[in-house]
Amino acid sequence: MILSQFDHQQTAIINPGDVIQALPDFPKTAVTCFARGTFARILAEFPHRKIAKTSVANLEIPIYELNFQGQKIAFFNSYVGASGCVAILEDIIAMGAENILVFGTCGVLDSNIKETSIIIPTSAIRDEGTSYHYAPPASEIALNHTYRKQFKQFLDAQNISYTEGKVWTTDGIYRETHQKTENRKTQGAIAVDMECSAIAAFALYQKLGFHQLGTIPEGFLNKNNEYEDIIPHYYDLTKLPD
């Protein structure tokens, strides 16, 4: 199959550095989310300025610099879908970022998980095409092993509930059939999304210093079963451990 033909060669015909200029003083850490509402609320909450932009064929994506307690962070609204999302991340790295923190949304496959619980992916089923251009073929890819402990400690300290487990990443949002869903659940998947496995492969390929992926909804149930907004709690996750 064509997806089994992974090429280890680093240089492609078109490379990010060919079309994206490195920017002086670009923040080393970039944070992104997919939900427009979340994106708008964070911009409204923190001082920010537009420092760059990138684009896909039909969409311009502005990149902002946020100032959080004196720390400069690049922030942008990520493109939905594995291929476009990773292409934009390539641009962000070419501009100068070294660490990427992604907050996404997902569908829950395990009825025992509260709808608003945070999902911490431990591995992802590679049911998309992009990851096979960044990592040798395999059914799954591991992720979040480096900073998972710190992430969990932060959530525990904030009294935020979470679940760890495998995520099913798919390109076909309208082809998540009953049979496919049951098959993925049999493989151990507790949630489904459209980017996780691709970003994990990209981060591994680029040897990023930080590639924690938090697949989350926009709210959660705390340990007292009280609904809370996620936004006030996760800003400190942008700080890299010493």
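A salt bridge is taken as a side-chain nitrogen of Lys or Arg within 4 Å of a carboxyl oxygen of Asp or Glu. The model is predicted, so that local features need pLDDT of at least 70 and side-chain atom pairs count only at pLDDT 80 or more, whereas totals for chains, interfaces and linings use all residues. Residues are numbered from 1 along each chain as its sequence is written, and side-chain values use heavy atoms, with hydrogens and water left out.

Glu-90 lies in helix α3 (residues 82–95), helices being DSSP runs of H or I with at least four residues and strands runs of E with at least two, numbered from the N terminus. Glu-90 is buried but has no salt bridge, and Lys-207, the nearest side chain of opposite charge, is 12 Å away. Buried denotes under 20% relative accessible area (1.4 Å probe, protein chains only); Lys and Arg count as positive, Asp and Glu as negative, and His and the chain ends are not counted. Leaving aside residues up to four places away in sequence, Glu-90 touches Pro-16, Tyr-134, Phe-202 and Gln-206, contact meaning heavy atoms within 4.5 Å.

Five aromatic pairs are present, with rings of Phe, Tyr and Trp (its six-membered ring) paired if their centres lie within 6.5 Å, and planes under 30 degrees apart counted as stacked, over 60 as edge-to-face and the rest as tilted. The rings of Phe-46 and Phe-68 form an edge-to-face pair, because their centres are 5.4 Å apart and their planes stand at 85°. Phe-46, in the loop between α2 (36–45) and β2 (48–56), is 22 residues from Phe-68 in strand β3 (residues 59–68). Both Phe-46 and Phe-68 are buried.

Methods. Buried means under 20% relative accessible area, exposed over 50%, partly exposed in between (1.4 Å probe, protein chains only).
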